[in-house]
Amino acid sequence: MKPENTGIKKTAAALGTVAGFMLLALILPRYYLYLLALILTTGLLATSLNLVLGFGGMYQFHHAVFYGTGAYCLALILTKTGLPAWLGYLAAPLAAALLGLIMGLLTVRLSALYFGMLQISLGSLVWAIVYRWYSFTGGDDGIHGIPVPDLIGTSRGAYLFVVLVTGACLAVMYRIVTSPFGMVFTGIRDNPERCRAVGINVTGHQLAGQVMAAFFAGVAGTLFVTVEGSVFPDMMFWTLSLEILIMCLLGGWFTFFGPLLGAAIIVVLRTVVGSYTEYWTLVLGVVLILLIFFLPEGVLGMIRRGGDNAAGK
Amino acid sequence: MHSGGITFAALMQQVLVGLSRTTILFIVSSGLSLVLGVLRIPNVAHGSLYMIGAFVTFSVANFYGQTGFGFIAALVLAPLVVAAVSLVLERGLLCRLYDREHLMLLLFTFAFTLIFADLVKMIWGSDYRSLNAPAWLQGSFDLAGLPFPRYSLFLLIMGPLVALGLWLLTNKTRIGKIARAAAVDREMVDAIGIDVSRVFAAVFVIGCYLAGLGGALVAPTQNITQGMDHTIIIEAFLIVIIGGLGNIWGALLGAAIFGLTDAIGILVWPQFAIVFPYMAVVIVLLIRPRGLLKAIW
């Protein structure tokens, strides 16, 4: 098969999926639209983390801070300024990317583990400031009742917006991963020394990856504001960072769609089990342990490997 | 002596408060550091064990009607309960995972923070609990004209005792020496016929015991709540990182930096007090990314 053909097929499949999701808005009741919007938002967040974690091999331990930055930036523009909403939606991911650039400049020179640790420290510092700055960020109360534009303010409108934005972002991220840049990025993950030896600017690529991941996390932050109408400092607390990390590991962090699946599993588990018992995290914990013992490569990683085995590899 | 409205005596008082906070931070993070250094496991569940230690202390002390004896009994029993839990965890599950990637071990211990959090909620409910120190540790005494809590002094005595105990354990006992050797080269220790797996179990249990002890000691000083696991574990990790991974004395230094900047922050700018220790951590890591003292990793 010619490469152009697979490209067209993939594009068609992607467009078909987005159209399918949009059609769901006509049939599904509000609650399910809300749940799907939440899954897609969280999935976008997890995929943005995996851009650097799975494909770049970078220990991005505090990714939530970029998500929170995007969300807070939009929330503050909508509540505290008279600027048009679209400007907020544009500025928020850029603010997250800027934070990614600043943190990246400080951290990328370090090796994997120490990179992650300095990032946790910087992220916790940002969290502590947001958590306490009552007059500006609302402190630990957060900001509620954020006036989202009317068009996307209804549950159906918000859902459609989330589908379109997530679809577009995933397409761009897929392009990045399969581009020459993505190939080099994966090469750096597998062997940084060799890449450096053949003249690749390793830290430059890592910095660029960090900025892109932060940008898409910021986009996910704006989607959260659109769906929930509120922000709170827990959005950039380290537990959320660990939770997204787990979504990637759970779904399969060496695959593109794994994190999306991991996010879906966790959000659904929380909502469905949470409606039966208040002890849903206990169930999640047990599920995770079973997965570690029986599916160490994540759900998608396992399925893919099963396919390879069946193909006689 | 005035500097911006802060008297020298008030500063000294806050330094002592900070040092007693340092004690608890040190006890908890030295346990974390021990496990990280020897077993190479980033044990996120360490904070949960600290929380369990605090809740068990509450229950035991309450069982004896919050008497002086009850508190001492709790101080002895609660860390032992935590150690027993960790022994089951290590022998039952964790010991099968040592050859896995660090991220998987992180995921595994995180799964246990979820499980422990819900178990604590089931056993003790969602309300916060509080516990009074025994009568002989209540109140305060006069220190250069300012009141200094007796319990803080008690903590200031406990800290060096634990540090001394840890030093003896790692330097003077057989298990400590094997553990230090295994931290450097596990396969070599295995090759000369020592059962490393057992030593790992012992080190893990000791590390978790320290988490329980920290929880027991902190119980009379604050509300015992759900969520105290999340707060302590990030602090303990940052302390271990700035001290130097796996270095016990680094944990002491890191705990002092964290405790003191926090206490002085309360004096300087109460609203943003919690920002100060995080700022200190970032500054330390920007200058010395591998921590202040020699890291084992």
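Predicted model: local features only at pLDDT ≥ 70, side-chain atom pairs only at ≥ 80, totals over all residues.
Residues are numbered from 1 along each chain as its sequence is written, while chains are lettered from A and ligands numbered from 1 in the order in which they are written. Chain A has 14 helices and zero strands. Chain B has 11 helices and four strands. Helices (H or I, at least four residues) and strands (E, at least two) are DSSP runs, numbered from the N terminus.

**Chain A**

- From the N terminus, the elements run α-α-α-α-α-α-α-α-α-α-α-α-α-α.
- The C-alpha trace of chain A spans about 55 × 45 × 45 Å along its principal axes.
- Of the 313 residues in chain A, 48% are buried. Buried means that 20 or more other C-beta atoms lie within 10 Å of the residue's own; exposed means 12 or fewer, partly exposed is in between, and C-beta atoms are placed from the backbone.
- Among contacts in chain A with a separation of 6 or more, 77% join residues 24 or more positions apart. Two residues are in contact if their C-beta atoms, placed from the backbone, lie within 7 Å.

**Chain B**

- Chain B has a radius of gyration of 19 Å, in agreement with the value near 19 Å for a compact globule of 297 residues.
- The C-alpha atoms of chain B fill a box of roughly 65 × 50 × 35 Å, taken along the principal axes.
- Buried residues are 52% of the 297 in chain B.
- Residues 24 or more positions apart supply 78% of the chain B contacts with a separation of 6 or more.

**Helix pair within chain A**

- Helix H12 (residues 258-276) and helix H13 (residues 280-294) of chain A have axes that come within 9 Å and cross at roughly 135°. Axes are lines fitted to C-alpha atoms, for helices over the stretch in contact, and angles run from 0 to 180 degrees between N-to-C directions.
- H12(A) and H13(A) are therefore oblique to each other. Angles under 35 degrees count as roughly parallel, over 145 as roughly antiparallel, 65 to 115 as roughly perpendicular and the rest as oblique.
- A:Ile266, A:Leu269, A:Arg270, A:Val273 and A:Gly274 of H12(A) meet A:Trp280, A:Val283, A:Leu284 and A:Val287 of H13(A).
- The residues of this contact are seven nonpolar, one polar and one charged. Ala, Val, Leu, Ile, Met, Phe, Trp, Tyr, Cys and Pro count as nonpolar, Asp, Glu, Lys and Arg as charged, and the others, Gly among them, as polar.

**Helix pair within chain B**

- The axes of helix H5 (residues 150-172) and helix H6 (residues 174-184) of chain B come within 5 Å and cross at roughly 75°. That makes H5(B) roughly perpendicular to H6(B).
- B:Leu169, B:Thr170, B:Asn171 and B:Lys172 of H5(B) meet B:Gly176, B:Ala179 and B:Arg180 of H6(B). By class, the contact of H5(B) with H6(B) has two nonpolar, three polar and two charged residues.

**Helix pair between the chains**

- Helix H11 (residues 238-251) of chain A packs on helix H4 (residues 102-124) of chain B at about 120°, with axes 11 Å apart. H11(A) and H4(B) are therefore oblique to each other.
- A:Leu242, A:Ile246 and A:Leu249 of H11(A) make the contact with B:Leu103, B:Leu107 and B:Phe110 of H4(B). The residues of this contact are six nonpolar, no polar and no charged.

Notes
Rg over C-alpha atoms; globule rule 2.2 N^0.38 Å.
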